[in-house]
Amino acid sequence: MKAIYKRELKAYFTSPLGYIVTLIYVLMGGVVFTILFSNGSAELSTLFSIMYTFTLFLMPVLTMRLFSDELRMKTDQALFTAPVKIGSIVMGKYFAALTVFLLANSLTIVYQLVFSAYVSVEWLVYFDNVIGSLLLASALISIGLFISSLTESQMTAAMGSMSVSIVLMFIDMLGSYIDSNILSTVVNWLSFSGRYNTFIVGIVDYANIAFFLSITAIFLFLTVRVQEKRRWS
């Protein structure tokens, strides 16, 4: 897994992709921070709340090439014949993408330090926000990785993942229009934003942690199954 991780992480920064995703995330965060600072607000929770949408649409870009490139270039066959488990390949790619997100997201501490120089800030709430954004990104990366494993087209993988992101954006709105209590409960249970927002207000709900980790585990498992099937076919 370590070799795959290093290979994928290097690939992100020997191509423009890693820089583009990081730059966009940091730029958008910087714009929001500037607005907050100029308005005299020291609430980074607002920044993390707004960055929810950008995370939804940046993670598909981050994951679109992970397996699609292997399929297009036929290098997946070399991976399959290498003395490494399919699970290690999947986890190496997953952690490489997650590391890129962490690098971009870690810069938010600079904003918190700037605020702390002027007012008393709530560090626990900040770390709750960081945990929430990490769990959200983790789930989205696993979904994007799975979709990337299904096609050799990066564009198809990106559009498929973005379609999921759009559904996740509007699923709360959909729940409010459903008359059936059962369906409404199911839709609300699947709400990423509802669960993410609990972290934004500084509440660490273990049920929400378990939800995001479960989504991550399910899609990583599905990705492994897809690759195992391809390996033996």
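Helices (H or I, at least four residues) and strands (E, at least two) were taken as DSSP runs, numbered from the N terminus. The structure is a predicted model, in which local features need pLDDT of at least 70 and side-chain atom pairs count only at pLDDT 80 or more, while totals for chains, interfaces and linings use all residues. Residues are numbered from 1 along each chain as its sequence is written, and side-chain values use heavy atoms, with hydrogens and water left out.

The protein contains 12 helices and zero strands. Its accessible surface (Shrake-Rupley method, 1.4 Å probe; for residues, only the protein chains shown count as cover) comes to about 11,800 Å², and carbon and sulfur atoms account for 71% of this area. Of the 233 residues, 46% are buried, where buried means under 20% relative accessible area, exposed over 50%, and partly exposed in between (1.4 Å probe, protein chains only). Contacts were defined by heavy atoms within 4.5 Å. Among contacts between residues at least 6 apart in sequence, 77% join residues at least 24 apart.

Rings of Phe, Tyr and Trp (its six-membered ring) were paired if their centres lie within 6.5 Å; planes under 30 degrees apart count as stacked, over 60 as edge-to-face and the rest as tilted. By this rule there are 17 aromatic pairs. One of them joins F33 and F37, whose ring centres are 5.9 Å apart and whose planes are at 35°, so the pair is tilted. Both residues belong to helix α2 (residues 16–38) and are separated by four residues, about one turn of the helix. An α-helix has 3.6 residues a turn, so residues three or four places apart point the same way. F33 is buried, with a relative accessibility of 13%, whereas F37 is partly exposed at 36%. F33 and F37 form one aromatic cluster with Y111, F115 and Y118.

Y111 and F115 are among the buried residues of helix α7 (residues 108–116), together with T108 and Q112. The buried residues of α7 pack against α2, α3 (44–63), α6 (86–105) and α8 (123–148).

Charges over rings were also identified (NZ of Lys or CZ of Arg within 6 Å of the ring centre and within 35 degrees of the ring normal). K93 lies over the face of F67, 5.0 Å from the ring centre. The charged end of R195 sits over the ring of F211, at 4.1 Å from its centre.
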